[in-house]
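Subject: Structure for your review

Dear colleague,

Please find the structure below, followed by a summary of what was found in it. I would be grateful if you would read the two side by side.

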Amino acid sequence: MGYKTMAFSVELTEFQTTQISNIFIEEYMPKAQPSFVIVYLYAYCHILNGDTSLTNQSIAEVLDMLESDVIKSWKYWQEQGIVELLEDNTAHFLPVKSKKEQKPVVQKNVYTTPPQYTQEEMIAMSKSSSAQKLFTLAEKHLARTLSYKDMNIIMAFHDWLKLSLEVIELLFTYCTENNHYDLRYIEKVAINWSNEGITTPDKAAEYINLHQNGYKQILKALGINGRMIAPAEEKYVKKWTEEYHFTIEMILIACEKTILQTHGNGNLFKYTDTILKDWYDKNIKTTQDVENLDKNFQSSKTQKQNTVAKATHSKQNKNATVKQNRFVNYKQREWDFEELERLARERLKNS
């Protein structure tokens, strides 16, 4: 006996319901593991109804699964772009958008708390040639013998932050040349580099050049001397180098134009940002591009001036012609001076 086509219906109740996006059901749910879907739906339901006591542990207990599987679920949904994992381990639900419209989510590592290796782990890792080289270069720059605590911190640069020996060498050079020998300070710089994506020798060298010379050059180009760059100003420079991808040379040219156009008055960094934003939008990347842009602008300006001058000259000629025509076309009277003299004598005789 063949199966008949099935039909579905639902009996509505008075209980509170949770609305789930059709996009989630049609695009996200079919490709996800069942456990991931269950975690998402259970947590979404409780959070939507105002439950603030929900934890990974409580979810695992109710759903009869491991807490690690709950965490895997959140990581999966974060990769899908519909959940954001915050630094405080909070899962933030994002609007569910169609994958056809959704931009790819670029995952970025965020390092905060350094690991504490056990003695066994340190002994095992210290046997590698890379660890020996790492400790040797650290002792060279710090000019002292490393303690067990020092080695724990330094090992994390390579093992935890995934920085290469070349980058770590530049890290120690940069910090010690600026009289920073405290390993905790160097550790903060290392974490910042890793979080900012400064993980290659080229990027590290670019960072060092910017902080040692670039900031000073930018301030000097804007006529600012005798002080360090302010945090708000540093944000502008970070946008110019990281978002717009301009070199220091291009930034300095924009600074020079800022001074010429503002005479050193007003918010100089904001004005420079306007120039660089315009260059970025016009795909101006090199000094030659700037020269071509200036030439085109000057040519357009000259052409406009010539057009205005021709129009003015034409108007003046027209007015002069009108005046000349009025004088030439004026019909002069023909006077009879003898008759006028006779009338004047009669007037005198009769008076």
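The axes discussed here are lines fitted to C-alpha atoms, for helices over the stretch in contact, and the angles between them run from 0 to 180 degrees between N-to-C directions. Please note that this is a predicted model.

Packing of H2 and H4

Two packed helices are described by the angle between their axes and the distance between the axes. Helix H2 covers residues 34-48 and helix H4 covers residues 67-80; their axes come within 9 Å and cross at roughly 85 degrees. Because angles of 65 to 115 degrees count as roughly perpendicular, H2 is roughly perpendicular to H4. On the H2 side, the contact is made by Ser35, Phe36, Val37, Val39, Tyr40 and Ala43. H4 contributes Asp69, Val70, Lys72, Ser73, Trp74, Tyr76 and Trp77. By residue class, this contact divides into nine nonpolar, two polar and two charged residues.

Ser73, a residue of helix H4, deserves a separate note. Its relative accessible area is 0%, so Ser73 is buried. Leaving out residues up to four places away in sequence, Ser73 touches Ser35, Phe36 and Val39. The side chain of Ser73 also reaches the backbone oxygen of Asp69, at 2.9 Å.

Which helix holds Asp159? Asp159 lies in H7, which spans residues 148-159. With a relative accessible area of 30%, Asp159 is partly exposed. Apart from neighbours within four places in sequence, Asp159 is in contact with Tyr117 and Met125. The side chains of Asp159 and Tyr117 are joined by a polar contact of 2.5 Å. Asp159 and Pro115 are 44 residues apart along the chain, and their C-alpha atoms are separated by 9.7 Å.

Cysteines

A disulfide is a covalent bond between the sulfur atoms of two cysteines. How many disulfides does the structure hold? The count is zero. As for the accessibility of individual cysteines, Cys175 is buried, with a relative accessible area of 0%. Cys45, at 29% relative accessibility, counts as partly exposed, because buried means under 20% and exposed means over 50%.

With kind regards

Notes
Residues numbered from 1 in each chain as written. Predicted model: local features only at pLDDT ≥ 70, side-chain atom pairs only at ≥ 80, totals over all residues. Heavy atoms only, no water. Helix = DSSP H or I, 4+ residues; strand = E, 2+ residues; numbered from the N terminus. Parallel < 35°, antiparallel > 145°, perpendicular 65-115°, else oblique. Contact = heavy atoms within 4.5 Å. Nonpolar A, V, L, I, M, F, W, Y, C, P; charged D, E, K, R; others polar. Disulfide = S-S within 2.5 Å. Buried < 20%, exposed > 50% of the residue type's maximum accessible area, 1.4 Å probe, protein only. Polar contact = N/O pair within 3.5 Å; in protein donor to acceptor, adjacent residues only side chain to side chain.
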